[in-house]
Each structure stands twice: as C-alpha cells, then as structure tokens.
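Hi,

Here is the structure I promised to pass on.

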Amino acid sequence: VLTLAISLSVQDLLTNLVSGFTLLYTKPFVANDFVEIAGQSGTVKEIGLTYTKLQTPDNKLVSIPNGAVTSAQIVNYTVQGTRRIDITVSASYETPVQLVLEALREAGSLPTILESEPVFAAVNSYGDSAINYVLRVWTTADRYWDNYFAITENVKKLFDEKGVAMTYPHLNVHLDQ
C-alpha cells in the first residue's frame, strides 16, 4: 500500500517535471506574456519545472501544475505583437446608418491605434428593437486595454454629440379592455 501511494504521488511529480521541460523547450509562452490557460488569464510571471505562475489582472498569483498547462488549450495574447479590438453596440432603427458608422469610425480613430489597418465599422445584424453594429481596430498588444476603454468611452461621447440613440432591451405590453 505504501509503495502504491508513493508511486502515485511520484507519478504526478514526474508528469509535471516532464511537462515543465516540454514548456521550456517548445515555448508556447514566455515570461511577461499575457495568456489564458485552463480557464485562467494572466501575465506569465514564472515557468518553473513543476508549476507555471500567472499574475491575474486583479493581482492574484495563480500556480498551475505544468501537467495541466500542457494538456490545456493555451491562448497567447502577446506573441503576435498586435491585437484586434472588437466592440459591438446597438443603435435605434430611427438613427441613419451612415451617421452611426461615421460616429463609430471617429470613436475608433485614436492616435494610438495602428494606422496600417483601417478602422472598420459595419452593420452586424438587425435585432428585435435595434440595429447592431461592430467596430474593429488594431492596436499593439501592450496598448489593448487602454485603447479598448478609450474607444468604448468615445463611442458614448460621440453618440451623445451626434444624437445617436443607443437602445436597450424593452418590452411593450398592450392591454385590451
């Protein structure tokens, strides 16, 4: 029984060690990359032989066993150097489509976005009580969140300035007598 218990505990250790060497050799991410692993997102702080440590945006330190890291899907948001920001908004059917598209393009035209990729705005779909639009811009990976929040704020500001009515889900109830 003791031998079985020791062999089972050593099995996990060996799995994590082999996985640690695999991560260090294949390098799906390096320190300071922002990644998503096994449902956890954060900045890679350390890749050890048995654990990988992520610092979450709310400053938690998460240690993930390397066996779990190598068996999970890994999304590396930093490695390409650029990221696309996608923002979806809805506007009233009464607001002219061109007015909404112009406001979205203006909201996305920040000096910190990549000029090599044009700001993209389009009608995305027609909802029950509003037209849904999408705004897409490209930025450097390290400026993603700064630009995301600035653009989101710009959308509301420009919609207010241009008289674009943002909508929300609502239900009209008619009672017959």
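**What I found**

Let's start with leucine 24, which is found in helix H1 (residues 2-26); helices here are DSSP runs of H or I with at least four residues, strands are runs of E with at least two, and both are numbered from the N terminus. Before going further: this is a predicted model, where local features need pLDDT of at least 70 and side-chain atom pairs count only at pLDDT 80 or more, while totals for chains, interfaces and linings use all residues. Residues are numbered from 1 along each chain as its sequence is written, and side-chain values use heavy atoms, with hydrogens and water left out.

Back to leucine 24: it counts as partly exposed because its relative accessibility is 38% (buried means under 20% relative accessible area, exposed over 50%, partly exposed in between, with a 1.4 Å probe and protein chains only). Not counting residues up to four places away in sequence, leucine 24 touches Ile47 and Leu49, where contact means heavy atoms within 4.5 Å. Leucine 24 and glycine 48 sit 24 residues apart in sequence, and their C-alpha atoms are 8.6 Å apart in space.

Lysine 27 is exposed, with a relative accessible area of 55%. Alanine 38 also has a positive phi, about 50°, although it is not a glycine. You'll find alanine 38 in the loop between S1 and strand S2 (40-47), and at 47% relative accessibility it counts as partly exposed.

Now for the inside. Which residues touch the most other members of the largest nonpolar core? They are Leu104, Tyr133, Leu135, Ile151, Val155 and Phe159, out of 22 residues in that core. (A nonpolar core is a set of buried Ala, Val, Leu, Ile, Met, Phe, Trp, Tyr and Cys residues joined through side-chain atoms within 4.5 Å.) Strand S6 (82-91), helix H3 (97-108), strand S8 (131-140) and helix H4 (144-162) each give two or more residues to this core. Leaving aside neighbours within four places in sequence, leucine 104 is in contact with Val89, Ala121, Tyr133, Leu135, Val155 and Phe159. A second, separate core has nine residues, including Leu23, Val44, Leu54 and Val69.

Two polar contacts are worth a look (pairs of N or O atoms within 3.5 Å; within protein, one must be able to donate a hydrogen and the other to accept it, and residues adjacent in sequence count only if both atoms are side-chain atoms). Serine 90 is found in strand S6, and its side chain makes one with the side chain of threonine 167, at 3.1 Å. Serine 90 counts as buried because its relative accessibility is 17%. Threonine 139 has its place in strand S8, and it is buried, with a relative accessible area of 0%. The side chain of threonine 139 makes a polar contact with the side chain of asparagine 147, at 2.5 Å. Leaving out residues up to four places away in sequence, threonine 139 touches Tyr144 and Asn147, among others including Gly81 and Thr82.

Finally, threonine 152 is found in helix H4 and counts as partly exposed at 36% relative accessibility.

Cheers
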